[in-house]
Amino acid sequence: MARILSLFRPQPFLGLLGRRNPTFCNMSIDSQARETFRAAVEAVQPDTVVRQSIERNGDSVVIDGRRLTLSHNLHLVGFGKAVLGMAAEVERILGDHLVRGVISVPHGIQQTLQQHGKSHLLLEADSRIKVMEGAKHNLPDDDSLKAAEGIKQLATDLTEKDLLLVLISGGGSALLPAPIPPISLQEKLDVTRRLAAAGATIQELNTVRRALSLLKGGGLAHHAHPAQVVSLILSDVIGDPLDLIASGPTVTCEMWPEEVLSILERHKLLSSMPASVTQVLARQSPRWKENDKHSDSPGEALNAVIGSNTVALTCAGRRVRELGFRPVVLSPGVCGNVRLVSRLYGLLARFACSREEPPPEIAAEVLRLGPEVGVESWDLCRTMQVLGEGRAEGWGATCVLAGGEPTVELTGKGRGGRNQELALRVGLELRGLELPPQGPVFLSGGTDGQDGPTEAAGAVTDAGLYDEARAQELDIDSFLSNNDSYTFFSRLSAGERLLVPGLTCTNVMDVHVLLIPAIPIKIS
């Protein structure tokens, strides 16, 4: 521990802070937190990430370092909540070589984008891309099943001269349901629901889901073989694992019926499976054998993650430099219970805001919490070193940036989501520190603009939250026990702490912003 804590002794500060942008000079620290979140969301807009990932040069295009030849051979498919905007930008850039396309998008999204003035994310009236809406309430339905059939047919018709561009974003799994015949969509849904209710892990659920699907787990790439397949992916999964984003339709994945059968047996469901599921799992041949056009070659694809939580945090870091803060990215993979995550942020704030050398117990507890919230010890040490430099040398303000998807333990029936509950709990952890602008501010927001079934994406909080709630006769504990963070923040000071960005058109999980102002110090 002595070696670790030595990292936090004063060390020479070699980096230079960026100059403050005059536009932001008069902002409150609350507004600066909101501006940082806005910059993160702006960086992962569907049209922006596509534009930055495609380099057009005459009749060729470079994607992820690979040069591809265009000769009126481009076909496009897509599925996900952000895919409509991605497709519109692809057509603007490569439309002269586009033959046709099919995309599966959420029900009502075209009308919603039009109503919110987001027409730049809509296709032109003469587009060669067919838009199919489905998956009401983010659940596979007959409409999304028809869209998946259209996507599969387009892929199956391709030849070795064709290039298939696949657009994938969060929500893509529900928009691309294609159970292996004779399994029906309802039967497949029932199997996964029963597994979830039995306590199956997410890995087990994905294994079974892929094994019963024609297109997931590399199935789409197989059906497109021998065409060249390139996927542009906007990730909404911690760590950006290609096989988990929309269940990996362009990522080759070995399927072993024995493994699926053992999962069902482990959860005591094997004997009650529909006859169709049992029939499919009894087959020895590949699950996509009905595609007789090609051999059993799985088909190789170029998979490029073009937008992610890491991208959002990187751009947020650039913005906070303009605001006068030194950014440090803790991790894009924060997870675990919000109680533990809020404790971590509270400890980091106390470590950074201490006017004297902070007690070693703070650093020790931070390192102990790390594994429980998905953060590596090295990242915690690095972050505390930056915070220690800022505190010890007094050179200025710091911003801790992080992202991910913490979880909430449901004990009540209130309204809210993980971001609002995290902000509420962090506010309690900050109690006793100074108020802004001398004290820290914390923001937690979902980049999709919605936190649970509410209009808010999250909330902004500080050390004054407890006293502010008490003065307005709001019992924080009762709101927390009922998971009613949205109602709490709505009632607190007329909702001014809520983060309500409106329709964001993207989703790369959550963004956490901890702003630490310059702290007057006393070093003995």
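This is a predicted model: local features need pLDDT of at least 70, side-chain atom pairs count only at pLDDT 80 or more; totals for chains, interfaces and linings use all residues.

Reader: How many aromatic pairs does the structure hold, and of what kind is the pair of Phe 488 and Phe 489?

Author: The structure holds three aromatic pairs. For Phe 488 and Phe 489, the ring centres lie 5.2 Å apart, which is within the 6.5 Å limit for a pair. Their planes stand at 75°, and because an angle over 60 degrees counts this way, the pair is edge-to-face.

Reader: Are Phe 488 and Phe 489 buried or exposed?

Author: A residue counts as buried when its relative accessible area is under 20%. Phe 488 has a relative accessible area of 0%, and Phe 489 is likewise at 0% relative accessibility, so Phe 488 and Phe 489 are both buried.

Reader: Which residue lies over the face of Tyr 466, and at what distance from the ring centre?

Author: The residue placed over the face of Tyr 466 is Arg 431. Its distance from the centre of that ring is 3.6 Å.

Reader: How many residues of strand β11 are buried?

Author: Strand β11 covers residues 397-404 and is mostly covered. Ala 397, Cys 399, Leu 401 and Gly 403 point one way from the strand, while Thr 398, Val 400, Ala 402 and Gly 404 point the other way, and all are buried. The number of buried residues in β11 is therefore eight of eight.

Reader: Which strands pair with β11, and in what sense?

Author: Strand β10, residues 325-334, pairs with β11 in the parallel sense over seven bridges, and in this pairing Val 334 has Gly 404 as its bridge partner. With strand β15, residues 510-516, β11 also forms seven bridges, and there Ala 402 stands opposite His 512.

Reader: Into which domains is the protein divided, and how far apart are their C-alpha centres?

Author: The division gives domain 1, made of 32-43 + 309-516, and domain 2, made of 70-307. Between them, 12 residues of domain 1 are in contact with 12 residues of domain 2. The C-alpha centres of domain 1 and domain 2 lie apart by 34 Å.

Terms used:
Residues are numbered from 1 along each chain as its sequence is written. Side-chain values use heavy atoms; hydrogens and water are left out. Buried means under 20% relative accessible area, exposed over 50%, partly exposed in between (1.4 Å probe, protein chains only). Helices (H or I, at least four residues) and strands (E, at least two) are DSSP runs, numbered from the N terminus. Two strands pair if DSSP finds at least two bridges between them. Rings of Phe, Tyr and Trp (its six-membered ring) pair if their centres lie within 6.5 Å; planes under 30 degrees apart count as stacked, over 60 as edge-to-face and the rest as tilted. A charge sits over a ring if NZ of Lys or CZ of Arg is within 6 Å of the ring centre and within 35 degrees of the ring normal. Domain bounds come from an automatic or database domain assignment. Contact means heavy atoms within 4.5 Å.
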